[in-house]
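Look at how two protein chains sit against each other.

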Amino acid sequence: MAQALDPHAAIVTAAGGVDDGPLTTADGQPLGRALRRSQRRAKRRAFLLVLPLLAFVVITFVVPIAQMLQRSFYNDGFSANMPEISAWFAENPHGTEPDEAAWAALANDLVASAEARSIGVVGTRINYDVPGTRSQFTSTGRKVRDGIEPPYREALLEIDEDWADPQLWGAMREASTPFTTNFYLASLDRTRADDGSVVMVRESQQVYVMLFQRTLWLSLLITAMTFLLGFPIAHLLATLPMRKSNLLMILVLLPFWTSLLVRTTSWIVLLQQQGVVNDLLVWMGVIGGSERLQMIYNQTGSIIAMTHILLPFMILPLYSVMRTINPSYVRAARSLGATSWTTFRRIYFPQTLPGLGAGALLVFILAVGYYITPALVGGASGQLISNMIAMHMTDTLNWSMAAALAALLLAGVLILYWLYDRIVGIDNLKLG
Amino acid sequence: MALPNYASPLERVWHWTYLVLCTLIFIFLIAPILVIIPLSFNAEPYFTFTEKMRSFDPEGYSMRWYDSLLTFGMQAPDGPRDASWWSDAWNNAKWVNAAKNSLIIGFFSTILATGLGTLAALGLSRPEMPFRRGIMAILISPMIVPLIITATGMFFFYSNPCSLLTWIGLSGNCGRLAGTYLGVILAHATLGIPFVIITVTATLVGFDQSLNRAAASLGANPRTTFFRVTMPLILPGVISGALFAFVTSFDEVVAVLFIAGPDQQTIPRQMWNGIREQISPAILAVATLLVLFSIALLTTVELLRRRSERIRGVTPR
């Protein structure tokens, strides 16, 4: 290896025969060390070219996501602002009835927190676990701002009876340490009972597991649809003469290059009840004027629009693999007596599998995280888990919950990404 | 794809079925994009073809939705169309402002993404590059991670960028990036980077490294080699990477929704609002313009691809 790289240096010194030591370069360095040094330098130079971008992506992308994920298990909204009662929880194990010391600690914390104007943050944190308690904290805070007289238990109960609620105390105990798994439990429709055990939430409140299942199921369905629609197209493009296939390729690339919102808008226009497709069906007499189909603002809308939007991501990898398949294999199979179906099943299809794997993984990864299209055309039944994350971010402002859901979704996507890299290789990702 | 001479009747039937199926799928692909173009000239505020449009009555068609793109948000849309009317439209019309913002943000984020991305692609394509696979995975990930997750992370980070310092143990509190042009540009550059990396790396795969060595042996220093030899050869790839980055920025909604302020209203964000609230056919006029825009971009990229193949002596497939 070393000699192959710089044969002249080695030969010169060897022929010079000054001493019998290791081979050296012309300036007297041992050859191995010189080689390692030059390789290190080449390595460093390559890395330095990548470094600016890597730093940029880490700071603007990796770190923000990591910070966001931290919120899914770390929330010091209660523990940082209510130190005394948090300390009491730490000293007394689960199931201890709150004694007068606990009530005093709670009252002191409430007063201090109200003075520091952090009572809203505290209430919000508890509100995640016990809905409706935010206003209890803030209104109590307003009333105790100027101090509170013992006995604290009676004083607090006089302000609001709900202070005795064991569920509230359970929630406060949970929140008394900044680290919590509650948000992950909640994203799996589970909660902690008063005794600390994990149970399912009431059936009427179970939404997340169903949403995860729906996201998976719709993504699988859309992947299958893009495969069914994309395979014939890719095959046609790959087998047509270049001139024709280049023309038809435009029909695939144009949607690929067209704005996502334009395509979503088009589907709204087409699928509305007073839209083009329904008009066409009525005009052709397939359906009556009064029985127009509801094809949008429901799951159907999500499926149709997402299949259309993701179809090029299936066609392009399939096409690039099919192009390389030698047609003489098919001819050979036919000449040996195979029917066209057998030829397809045993000879042609297996050779398209790399493209199919690439396309299916890509479409599935993209579908699982889709947000815009379901939000616009999905209605209530076509929403995916991304829409729930957005809802917690913008409407309920339960950011820790959004982070926990995002963490679960991200974990799934990263596993798929890892698979994609193993099977397809990221380097083989092609565009257009 | 011709049918072989030995095809059986059943195969012939299947062949024609197959062609019909393919035609239908092509219609599925392209019709939604084409159907909005005539509809954007609808004289009525409907989203379907009216009686008059179907009979090609000129009265059924009008430019009113295109006109409304100019006038929407103007202070005095009904005045005479003199210089002050046009300056009113330029300064106040919402779609015009959105277009300006989209172009500004797209331009700077493309420059950033293409500059950094091309450098990195050069490094990544060197055989000595350490941790190549892992670094590549990180650089491509903005394309793979669901946008809503990216946008959520950016929302917190850009609201208080100095939280990065707090995180590593220093204290810090500084201005916001959220709601500023810089913030949106950085976010869009991040999202455009994977496309630059993929396109430029693909161009570099076919690049003959011995050309660089030849230049060096003839006495060119690395800089000269890069600008005189490498750059001209990979330029088509760089430009199409830049176009991809630009389109990504131009079409991006989620990050803009989360981190942009009212001043950074872009076209997609304006469309999003339009679709969510009172959907008006003006959206179709915007959509039509965007379709024409994407046709122009597609043509450019295709021409670049052919040019790149010609330069590198790759015979067209």
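**Where chain A meets chain B**

Start with A:D421 and B:R133, which form a salt bridge with their closest N and O atoms 3.4 Å apart. A salt bridge here is a side-chain nitrogen of Lys or Arg within 4 Å of a carboxyl oxygen of Asp or Glu. Side chains of opposite charge can pair when their charged atoms come close.

This is a predicted model, in which local features need pLDDT of at least 70, side-chain atom pairs count only at pLDDT 80 or more, and totals for chains, interfaces and linings use all residues. Residues are numbered from 1 along each chain as its sequence is written, chains are lettered from A and ligands numbered from 1 in the order in which they are written, and side-chain values use heavy atoms, with hydrogens and water left out.

How many salt bridges cross the interface of chain B and chain A? The rule finds 2. Another salt bridge links A:R334 and B:E11, with the closest N and O atoms 3.0 Å apart. A:R334 lies in helix α16 (residues 327-335) of chain A and B:E11 in helix α1 of chain B, so this pair joins two chains. Helices are DSSP runs (H or I, at least four residues), numbered from the N terminus.

Now take the whole interface. In chain B, 93 residues are in contact (heavy atoms within 4.5 Å) with 95 residues of chain A. The buried area is about 8,700 Å², and carbon and sulfur atoms give 80% of it. That area is the accessible area (1.4 Å probe) that two parts lose on being put together, summed over both.

Next, find helix α11 (residues 222-250) of chain B. A straight helix of 29 residues would span 42 Å at 1.5 Å a residue. The expected span is 1.5 Å times one less than the number of residues. Helix α11 of chain B spans only 35 Å between its end C-alpha atoms. Where is the kink in α11(B)? A kink of about 55° lies at B:M231, shortly before the proline B:P232. The bend is the angle between axes fitted to the seven residues ending there and the seven starting there.
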